[in-house]
Every structure is written in C-alpha cells, then in structure tokens.
Amino acid sequence: MANKSRRDFMRNSMLGLAALPLGAGILSKTAFAQELPRLDPSASNAEALNYVEDASDASDHPAYEEGERCDNCMFWVADTEGCQLFPENSVEPAGWCQSWTAEG
C-alpha cells in the first residue's frame, strides 16, 4: 500500500513540475498587462485628475509644466504602460495628469 502512495506522489509531483512553466506564463505580470484597457479620458477617475492623452493639451492647466509626460512620471510603469494611480488601465506614454511627479 505504501508503494502505491509513493508512486502516486511521484507521478503527481512530476505532473506539477511539468505544469509550472505553463502556470508561470499565465500568471506573469506581462500577461496581465497586455489585457489592460487604455484609460478613457472621460472616465470619472481620469477627469478627477485632469488626465489627457496628449500632454500638450494640458498646457493651460496651472499645474502643467513643459516636458511633463506620463512616461517620465514616478507613477509610470514602463513594461505595462500603466500608471499606479490608474491600476486597472494603461495610459498614453505622452499623456499627463495633475498628479504628475518627477521620478525620484
């Protein structure tokens, strides 16, 4: 009886090891990032932070300064084109919002 248990354990262990790379690929951050929809500037959370897809469109905003863009903000997540302030969406690299903060 112990031999059967040992065989089952070994078989299940080998199957588990064989499935590890598949599981890692499915659960990787990149796999999730590719699924993120682009942030809609008219969404309530985007409007609350005055998000625009082209930073030059924010030139009349008092907090905006030339050169500020999503892709040089401390909240930018380069490999996913995401933003920590909008975790369920990706943002335009050339975009801007009033929470822009220089990379530190």
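Modeller: The lining of the largest cavity is made up of ten nonpolar residues and two polar ones, with no charged residue among them. Please keep in mind that the model is predicted. The residues in question are Cys70, Cys73, Phe75, Trp76, Gly82, Cys83, Leu85, Val91, Trp96, Cys97, Ser99 and Trp100. The space they line has a volume of about 80 Å³, and the count of cavities of 30 Å³ or more comes to one.

Trp76 stands opposite Cys83 in strand S2. Strand S2 covers residues 82-83 and is joined to S1 by two bridges, the two strands running antiparallel. In general, strands of a sheet pair through backbone hydrogen bonds, in a parallel or an antiparallel manner. Here the sheet is open and consists of three strands in the order S1-S2-S3, with antiparallel pairing. Strand S1 (76-77) and strand S3 (86-90) each have a single partner strand and stand at the edges, so one side of each lacks a neighbour in the sheet.

Turning to the whole protein, there are three helices and three strands, which follow the order α-α-α-β-β-β from the N terminus. Of its 104 residues, 25% count as buried. Among contacts with a separation of 6 or more, 61% are between residues 24 or more positions apart. The accessible surface of the protein is about 7200 Å², and carbon and sulfur atoms account for 56% of that surface.

Note on methods:
Residues are numbered from 1 along each chain as its sequence is written. This is a predicted model: local features need pLDDT of at least 70, side-chain atom pairs count only at pLDDT 80 or more; totals for chains, interfaces and linings use all residues. Side-chain values use heavy atoms; hydrogens and water are left out. Helices (H or I, at least four residues) and strands (E, at least two) are DSSP runs, numbered from the N terminus. Buried means under 20% relative accessible area, exposed over 50%, partly exposed in between (1.4 Å probe, protein chains only). Contact means heavy atoms within 4.5 Å. Accessible areas come from the Shrake-Rupley method with a 1.4 Å probe; for residues, only the protein chains shown count as cover. On a 1 Å grid over the protein atoms alone, a cavity is a set of points where a 1.4 Å probe fits but cannot get out, and a pocket is an open set with protein on both sides within 12 Å along at least five of seven lines; lining residues have an atom within 4 Å of a point. Grid points are joined across faces, edges and corners, and a volume is the space filled by probe spheres set on the points. Ala, Val, Leu, Ile, Met, Phe, Trp, Tyr, Cys and Pro count as nonpolar, Asp, Glu, Lys and Arg as charged, and the others, Gly among them, as polar. Two strands pair if DSSP finds at least two bridges between them.
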